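Here is a quick tour for anyone meeting this fold of chain for the first time. Have a look at the picture, then read on.

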Amino acid sequence: MKNYIQPGCTLELVAPYDVASGAGAKVGSIFGVATDSVLSGASQNFAVEGVFDLAKTTSQAWSQGAPLYWDNSGKLVTTVSTSNLFIGHAVVAALSADTVGRVRLHGASI
């Protein structure tokens, strides 16, 4: 098979804005977690599959298994689907006061 490139768990993407290591970013319709800090316009590997603790909207409680979305304006994970990119599901419940939630990413894009 000569056309196989890579497994696809991580992708090299151009950062649309400065992204800290372990933080999320939306690149077109792809969501990923930066494997290292990267400046806007530079290439970096982004994990597009796996389970990550990510910054969340603090006014929302999450139930286990809740669908989650990326709010690119606030750079936070949210339960609000309107105008946001679906990225995965909550692995564990989170309180509304929590600043971080555990997310299972569902691949590069939906």
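Let's start with Tyr69, which counts as buried because its relative accessibility is 16% (buried is under 20% relative accessible area, exposed over 50%, partly exposed in between, using a 1.4 Å probe and protein chains only). Before going further: this is a predicted model, where local features need pLDDT of at least 70, side-chain atom pairs count only at pLDDT 80 or more, and totals for chains, interfaces and linings use all residues. Residues are numbered from 1 along each chain as its sequence is written, and side-chain values use heavy atoms, with hydrogens and water left out.

The count of aromatic pairs comes to two. For a pair, ring centres of Phe, Tyr or Trp (its six-membered ring) lie within 6.5 Å; planes under 30 degrees apart are stacked, over 60 edge-to-face, and the rest tilted. Phe31 and Trp70 make a tilted pair, with 4.8 Å between centres and 50° between planes. Phe31 belongs to strand β3 and Trp70 to strand β6 (residues 67-71), so this pair ties together parts 39 residues apart in sequence. Both Phe31 and Trp70 are buried. Tyr69 and Phe86 form an edge-to-face pair, at 5.7 Å centre to centre and 65° between the planes. Here Tyr69 sits in strand β6 and Phe86 in strand β8, 17 residues apart.

## Two open sheets

Strands here are DSSP runs of E with at least two residues, numbered from the N terminus, and two of them pair if DSSP finds at least two bridges between them. Within it, β2 and β3 (residues 30-34) share four bridges, and Val27 stands opposite Ile30.

Five strands build another open antiparallel sheet, in the order β5-β9-β8-β6-β7. At its edges are β5 (49-55) and β7. Three bridges join β8 (residues 85-90) to β9 (residues 100-106), and Gly88 has Leu105 as its bridge partner in β9.

## Around Thr78
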